[in-house]
Amino acid sequence: MQKLLSKFLLSVVILILAFFGATQAQSIKWHDFEDVYFQIRGNQIFRIQLPGQTSEVFVSAEELKTENNTVLNIRDFTFSEDRQKLLIYTNTKRVWRLDTQGDYWVLDLESKKLQQIGKGLPESSLRFAKFSPDASKVAFVSEFNLYVEDLGLGEITQLTFDGNRKLINGTFDWAYEEEFASRDGFQWSPDGKRIAFWQLNANQIRDFYMVNNTDSVYSQIIPVEYPKVGESPSPAKIGVIELSSQELTWLDIPGDPAQHYLPRMEWNSPDLVLLQQLNRKQNQSRIFAVDVLKNEAKVIFEEEDEAWIDVLSSWEDVYALTYRHEFQWINDRKEFLWFSEKEGWRQLYRIGLDGKETPITPGAYDVINLLRVDENNNRIYFHASPKNATQKYLYTARLDGKGKAEKITPEELEGTHSYSISPSGKYALHQYQNTYTRPMAEWVSLPSHKPLEEARSIAANLSKNQVENEAEFFKIKTEDGTEMDGWMVKPNDFDPTKKYPVVFYVYTEPWGANVKDTFGVGRNRLYDGDMAEDGYIYISIDNRGTPAPKGRAWRKSIYRKIGRLNISDQAAAAKQILEWDYVDPERVAVWGWSGGGSATLNLLFQYPKIYKTGISIAAVANQLTYDNIYQERYMGLPQENLEDFVAGSPITHAKNLEGNLLYIHGTADDNVHYANADMLVNELIKHGKIFQFMPYPNRSHSISEGEGTNAHLKKLYTDFLKKHCPPGGR
């Protein structure tokens with residue numbers, strides 16, 4: 001997304017957290033109804049029983065040996081509903097951001113029989129394989145078509161035959177995956193008699209051509225089906241296949257498919273499907289209940305927003321391999337839980353199949369994400385931070401909506417907390433960090449939050465995991481009364497009588513916030529060395545429009561104003577910071593990646609008297625080049641308000657460049673296309689602007705591929721910064 005950085009950065013953050021062990025919760029797989037979790041360790045699957053943490057090998061490497069005596073490398077696994085079979089995902093390869101394509105094997109846990117699914121189909125071509133409810137079959141997608149395999153007979157039946165790169169069955173195109181995190185595009189009915197699936201028709205979507213000049217003496221053209229802003233979406237529809245007859249029925253959903261999106265769908269019962277439909281502007285949402293036998297759709301819930309309606313939030317882990325947008329069913333599937341901002345805050349509601357709504361988290365705060373529903377005890381658990389938008393805590397509330405939410409996290413542990421909660425709601429893996437505390441983890445009981453093992457608790461080991469606090473948080477209020485959060489890392493041996501250069505790190509768009517109370521928050525991964533040791537002040541500020549838990553008005557004030565409101569907020573804050581006695585107004589730099597790269601360009605071009613040096617990476621230089629789902633969600637339709645797109649695009653203001661610009665882009669960027677670089681470079685040349693430009697051949701949005709790339713990028717970044725914004729106090 002013009003996630004531009006954020007989407008990329010979010011994946012980087014996930015990798016960083018994984019390095020520190022903070023993603024332990026993501027690496028465990030809960031039992032469906034017992035207080036047991038499973039974990040991959042050394043290519044074996046372990047079963048761990050709570051509360052005693054009794055551990056045993058559940059599936060050994062020996063059991064994963066194939067006929068040719070090789071051991072399967074487990075990327076992921078799922079159980080059948082009867083928990084007698086295991087589906088192993090292996091030999092994976094990347095599709096866009098994630099490795100959602102590979103091979104699947106079934107292990108019978110009783111007989112120990114190991115069999116490959118989809119034999120005869122191309123290697124590593126299977127996607128989203130899943131057991132039928134009775135575990136007698138496995139359905140999967142291969143090369144844009146749906147298949148089902150009978151495990152007993154070993155027979156493969158092809159269910160769709162028209163799939164190709166432009167007519168996509170059972171999975172999604174680039175835009176749906178990138179912007180809605182929609183990847184897995186089919187589901188078994190609860191009785192196993194039917195399969196419902198998405199079909200996207202991208203035949204009217206033009207290809208964007210990337211050029212590979214490095215792997216052959218002749219260039220290779222790589223087409224990517226990519227709907228640019230202003231282009232109608234790929235029409236989506238949902239089909240239901242009756243497996244006994246292979247009869248296909250397309251659900252009759254009101255509305256022009258080329259002017260709507262279908263981001264969510266799930267079976268409620270063997271004959272009833274619920275789905276969400278968004279209009280093209282994504283400011284109207286309707287939930288349909290579709291009677292599959294009658295093929296009749298009825299609206300049971302709808303809402304509108306003057307700006308946009310979020311299908312998902314950047315607070316969610318949208319890059320988890322198994323992430324899915326599911327309806328959270330309660331009350332014997334007569335109701336489901338749903339997020340809405342219609343009262344000004346991101347709150348949870350329970351919605352009945354009859355359309356009745358009940359708010360269950362009322363209050364002036366945002367629910368960051370739902371963690372667990374404990375119906376037996378009339379309780380839900382969720383993350384929230386009503387008092388400090390840079391932090392995150394565990395809260396609980398009554399499922400019936402009565403009473404107020406209660407904070408579960410101990411008051412003395414200020415910072416950022418994450419929880420993974422057992423099916424019963426009795427136990428949780430608790431992870432904690434802040435700017436001066438390395439990521440730590442413990443197991444606790446709920447709702448008491450008492451550690452299961454006192455000696456291994458966070459409290460008992462806190463001091464040895466704490467370091468000197470480098471980053472300090474501050475608030476800054478601009479002349480119009482807007483108060484923004486920021487963090488700052490000052491130079492080592494800071495002398496307030498001297499003036500230091502300041503480097504601003506920015507993202508600024510609706511998909512990413514930088515100012516979070518997490519370990520390592522003030523580090524710059526591209527700087528080759530230590531910025532504090534070299535004598536830089538390093539600062540980041542979250543402007544209006546960033547996804548901080550500060551309410552709907554804060555987040556959606558940026559509607560149709562990307563490239564303007566976020567930029568003016570940043571500049572207003574920087575203007576005040578430059579008045580601090582120890583800041584050198586002649587040495588001011590800014591940098592960012594993706595959306596942050598766009599912001600860097602706009603700040604450098606629109607406020608050349610403030611920002612003297614900028615390093616922009618993988619930026620959207622022209623908002624009309626980005627995809628329709630993201631750009632139209634936040635900016636409207638260019639057919640209606642083209643002036644907003646033009647005013648917010650860096651290319652419009654390139655003629656104002658006065659300072660030092662380093663502009664970097666990968667030529668194989670399938671997210672923010674390299675064409676942005678060509679357009680901006682051409683505009684800068686037209687106006688006689690001198691700058692430094694670095695294209696990275698055949699690198700994607702992350703600019704991570706190829707030998708020596710990371711080291712080269714760090715040196716390029718660091719040398720440019722030191723040359724044009726010299727470090728040290730003066």
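The legends below describe close-up views of one predicted model.

Residue numbers start from 1 along each chain as its sequence is written, and side-chain values rest on heavy atoms, with hydrogens and water left out. Because the model is predicted, local features need pLDDT of at least 70 and side-chain atom pairs count only at pLDDT 80 or more, whereas totals for chains, interfaces and linings use all residues.

**View 1. A salt bridge joins Arg 194 and Asp 271.**
A salt bridge is defined here as a side-chain nitrogen of Lys or Arg within 4 Å of a carboxyl oxygen of Asp or Glu; by this rule the count comes to 37. For Arg 194 and Asp 271 the N to O distance is 3.2 Å. The pair links distant parts of the chain, 77 residues apart: Arg 194 belongs to strand E15 (residues 194-201), and Asp 271 to the loop between strand E20 (260-269) and strand E21 (272-279). Strands (E, at least two residues) and helices (H or I, at least four) are DSSP runs, numbered from the N terminus. Arg 194 is buried at 7% relative accessibility, while Asp 271 is partly exposed at 32%. Buried denotes under 20% relative accessible area, exposed over 50%, and partly exposed the range in between (1.4 Å probe, protein chains only).

Glu 62 is exposed, with a relative accessible area of 54%, and Lys 65 is partly exposed at 31%.

**View 2. Tyr 209, Val 211 and Ile 221 form a nonpolar surface patch.**
Together these residues present about 290 Å² of accessible area, computed by the Shrake-Rupley method with a 1.4 Å probe, only the protein chains shown counting as cover for residues. Patches consist of residues with over 30% relative accessible area and no salt bridge; like charges are joined within 9 Å and nonpolar side chains (Val, Leu, Ile, Met, Phe, Trp, Tyr) within 5 Å. Ile 221 lies in strand E17 (residues 220-225). Met 210 is part of strand E16 (residues 207-212) and is buried, with a relative accessible area of 8%. The C-alpha atoms of Met 210 and Arg 194 are 39 Å apart, with a separation of 16 residues along the chain.

**View 3. Helix H7 (residues 595-606) has an end-to-end length that agrees with expectation.**
The expected span, 1.5 Å times one less than the number of residues, is 16 Å for the twelve residues of H7, and the end C-alpha atoms are 16 Å apart. Eleven of the twelve residues are buried, so H7 is largely enclosed by the rest of the structure. Among the buried residues are Gly 595, Leu 601, Asn 602 and Phe 605.

**View 4. Strands E24-E25-E26-E27 form an open antiparallel sheet in that order.**
Strand E24 (328-330) and strand E27 (357-359) are the edge strands, each pairing on one side only. Neighbouring strands are turned by 35° against each other on average, direction ignored; axes are lines fitted to C-alpha atoms, for helices over the stretch in contact, and angles run from 0 to 180 degrees between N-to-C directions. Two strands pair if DSSP finds at least two bridges between them. Strand E26 (residues 347-352) and E27 share three bridges, and Ile 351 has Glu 357 of E27 as its bridge partner.

**View 5. Strands E7 and E8 form a hairpin with five residues between them.**
Strand E7 (residues 98-108) and strand E8 (residues 114-117) pair in the antiparallel sense over four bridges, with Tyr 104 opposite Ile 117 in E8. Lys 112 in the turn has a positive phi of about 70°.

Most residues other than glycine have a negative phi, and most peptide bonds are trans. Positive phi values occur at Gln 282, near 65°, and at Asp 493, near 55°. Gln 282 is buried at 0% relative accessibility, whereas Asp 493 is exposed at 75%.
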